[in-house]
Amino acid sequence: MPELPEVETVRQGLSRWVIGRRIHAVEVRHPRAVRRHAPGGAHFADVLAGRKVLDVRRRGKYLWLPLDSGDAVVGHLGMSGQLLLQPTDAPDETHLRVRFRFDDGGPELRFVDQRTFGGLSVSEGGGTLPAEIAHIARDPLDPEFSDAEFVAALRRRRTEVKRALLDQSLISGVGNIYADEALWRAGLHGTRSTDALTGPAAQRLLAHVRDVLGEAITAGGTSFDALYVNVNGESGYFDRSLNAYGREGQPCRRCGAPIRREAFMNRSSYSCPRCQPRPRIKPRP
Ligand SMILES: [Zn+2]
């Protein structure tokens, strides 16, 4: 499943390829890919024809393309979505859902999504920030992300620290893999209480989250899923340098203890039993 680094990699790739180009025509090949566009697929194609792409922006795992109409194309990759630039004569992918052709006749933009959990929509007047995604918090790589506000908000929560990291209204773009990696670096078990973290501990955790995400972007995103490739068709390779995620039974790179896997919200959490001890259950008063 694409996480923030993968989506940022896609954003950077798209930026190079689509900014300044005028959309000639859009072909919706599967209605599910535009199900979040309430007026339907034909309307989606109509409002985009003739529009120029001004930018490619991101909030958490959502991408949006501001257009010269003031509207924006909003996209989410879901579990398996890809945005590919392909020569116009390249054969259609099996799971091609939406095709954008441009006036210049250059490479076309294709939304390919096997499992169709992702999708595209047009946000009316959404060029600056689509209303549909305004509730999502900034991510820690956003220049306007406030560390002090995050630390204060985190410590006000009465929840477990890993749940807080995955809460898109508090901090966006941190998925399961990067949460586990940041918690390993911080030496914190994911079930620690947020309200028991000191300010400096919360700040250190945030710094680790930011480092992990930044390193993953530099490496081109993590790829556990053969479906994920970046906009140029290359898989990411950050998975080679993971310390916790997916390493059950392998020695911790810091202390040598075997990494443990625990069930977490229908998924798994990976941690070191020695470096990241479970919090003691507080005795009842
Ligand atoms: Zn360890």
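Four strands line up as an open sheet in the order S1-S6-S7-S5, and the pairing is antiparallel; two strands count as paired if DSSP finds at least two bridges between them. Strand S1 (23–28) and strand S5 (81–86) sit at the edges with a single partner strand each, so one side of each has no neighbour in the sheet. From one strand to the next, the twist averages 15°. Strands (E, at least two residues) and helices (H or I, at least four) are DSSP runs, numbered from the N terminus.

The model is a predicted one, where local features need pLDDT of at least 70 and side-chain atom pairs count only at pLDDT 80 or more, while totals for chains, interfaces and linings use all residues. Residues are numbered from 1 along each chain as its sequence is written, and side-chain values use heavy atoms, with hydrogens and water left out.

Contact means heavy atoms within 4.5 Å; axes are lines fitted to C-alpha atoms, for helices over the stretch in contact, and angles run from 0 to 180 degrees between N-to-C directions. Helix H2 (residues 41–48) also packs on the sheet, touching S1 and S6, with its direction at about 170° to that of S1.

As for cover, 5 of the 6 residues of S5 are buried (under 20% relative accessible area, 1.4 Å probe, protein chains only).

Note on methods:
Buried < 20%, exposed > 50% of the residue type's maximum accessible area, 1.4 Å probe, protein only.
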